[in-house]
Amino acid sequence: DAILKLERVCKAYNVGLPTETEVLHDIDLELDHGEFLALIGPSGSGKSTLLNIVGLLDRPTSGRLSIKGHDTAALGDAEITRLRGHTIGFIFQYHLLISAFTARENVMMPMLVDRGFPAADIEARADRLLAQVGLAKFAGNLANNMSGGQQQRVAVARALAMEPDLVLADEPTGNLDTKSADAVFELMRQVNRDSGTSFLLVTHNMDLAQRCDRIIEVVDGRIRA
Ligand code: ADP
Ligand code: ADP
């Protein structure tokens with residue numbers, strides 16, 4: 001069954017203005033629970049826009065987006081925020097860690113913000129997640145003082161903090177050397193196998209794309225098989 005279903009999703013920017021442009025056209029896409037999907041395509045083709053819509057950061061202009069069977073058009077902003085927080089984890093190319101915080105504090109952050117987690121468990125859970133990404137010894141290090149690959153592992157741990165059903169990763173290995181990129185990819189693959197978390201990975205790295213369950217190519221705002 002699908003964690004994610006898009007039916008004829010369109011997205012236009014600057015709606016109603018002379019500069020109105022539709023950048024996504026009739027996107028149909030389904031992602032099953034546990035699936036690891038690669039999203040490829042040239043720069044400007046609409047990958048980030050699609051990720052923003054799937055990640056509930058932006059709304060489609062038309063079409064239907066369902067997440068875990070919820071039709072998102074029927075949900076208000078507060079419900080969307082809640083669904084996002086409990087369903088989706090994000091990893092970006094530039095990890096967006098808080099550099100003056102430790103690895104542990106960065107991973108604790110989503111749990112502190114959510115307030116649904118018992119406060120007493122949050123630190124221990126952050127440490128377990130850091131152990132899972134191979135950083136048990138680095139929990140107390142400032143993000144600032146860690147290598148690019150280590151910081152991206154912290155970002156993976158942080159993305160998993162709320163036990164998401166789906167992780168959206170936008171070029172997470174884009175600014176890493178080949179060896180670190182490989183390690184971060186394999187880490188995500190491992191998480192996917194162990195926990196059944198679905199992944200949608202935007203990447204320009206064809207070697208990594210070919211190691212995913214399925215590849216979808218976006219060209220000029222449309223999906224090419
Ligand atoms: P990709 O991630 O594949 O590089 P994007 O989704 O960032 O593609 O961009 C797709 C198209 O939409 C591009 O032509 C881009 O300039 C345009 N675009 C993206 N975001 C906006 C925005 N906020 N306002 C107007 N146009 C945008
Ligand atoms: P990438 O190609 O790595 O996806 P972009 O440079 O296309 O990154 O986009 C970076 C950010 O700028 C995105 O959040 C996108 O929505 C926004 N953006 C891209 N193009 C435009 C545009 N023409 N007008 C306004 N915002 C844009």
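In this predicted model, helix H5 passes helix H6 in a right-handed crossing. The axes of H5, which spans residues 148–159, and of H6, which spans residues 178–195, come within 10 Å and cross at roughly 15 degrees. Because angles under 35 degrees count as roughly parallel, H5 is described as roughly parallel to H6. On the H5 side the contact is formed by Gly149, Gln152, Arg153 and Val156, which meet Ser180, Ala183, Val184, Leu187 and Met188 of H6. Sorted by class, the residues of this contact of H5 with H6 comprise 5 nonpolar, 3 polar and 1 charged.

Helix H5 also packs with helix H3 (residues 103–114), at an angle of about 30 degrees and with the two axes 8 Å apart. That angle makes H3 roughly parallel to H5, and the crossing of H3 and H5 is likewise described as right-handed. Here Ala103, Asn106, Val107 and Pro110 of H3 meet Val154, Ala157 and Arg158 of H5, a contact whose residues divide into 5 nonpolar, 1 polar and 1 charged.

Turning to the strands, an open sheet of 4 strands with antiparallel pairing is arranged in the order E2-E1-E4-E5. Its edges are formed by strand E2 (21–32) and strand E5 (70–71), each of which pairs on one side only. The pairing of strand E4 (residues 62–67) with E5 is antiparallel and extends over 2 bridges, and within this pairing Ser66 has Asp71 of E5 as its bridge partner. Helix H1 (residues 47–54) packs on the sheet, where it touches strand E1 (2–13), E2 and E4, and the direction of H1 makes about 125 degrees with that of E1.

Strand E8 (residues 198–202) is mostly covered, with 5 of its 5 residues buried. From E8, Ser198, Leu200 and Val202 point one way, whereas Phe199 and Leu201 point the other way, and all are buried. Strand E3 (residues 36–40) pairs with E8 in the parallel sense over 4 bridges, and Leu39 stands opposite Val202 of E8. Strand E7 (residues 166–170) is joined to E8 by 5 bridges, these two strands also running parallel, and the bridge partner of Val167 in E8 is Phe199.

Note on methods. Residues are numbered from 1 along each chain as its sequence is written. Chains are lettered from A and ligands numbered from 1 in the order in which they are written. This is a predicted model: local features need pLDDT of at least 70, side-chain atom pairs count only at pLDDT 80 or more; totals for chains, interfaces and linings use all residues. Side-chain values use heavy atoms; hydrogens and water are left out. Axes are lines fitted to C-alpha atoms, for helices over the stretch in contact, and angles run from 0 to 180 degrees between N-to-C directions. Angles under 35 degrees count as roughly parallel, over 145 as roughly antiparallel, 65 to 115 as roughly perpendicular and the rest as oblique. A crossing is left-handed if the near helix is turned anticlockwise from the far one by less than a right angle, and right-handed if clockwise. Contact means heavy atoms within 4.5 Å. Ala, Val, Leu, Ile, Met, Phe, Trp, Tyr, Cys and Pro count as nonpolar, Asp, Glu, Lys and Arg as charged, and the others, Gly among them, as polar. Two strands pair if DSSP finds at least two bridges between them. Buried means under 20% relative accessible area, exposed over 50%, partly exposed in between (1.4 Å probe, protein chains only).
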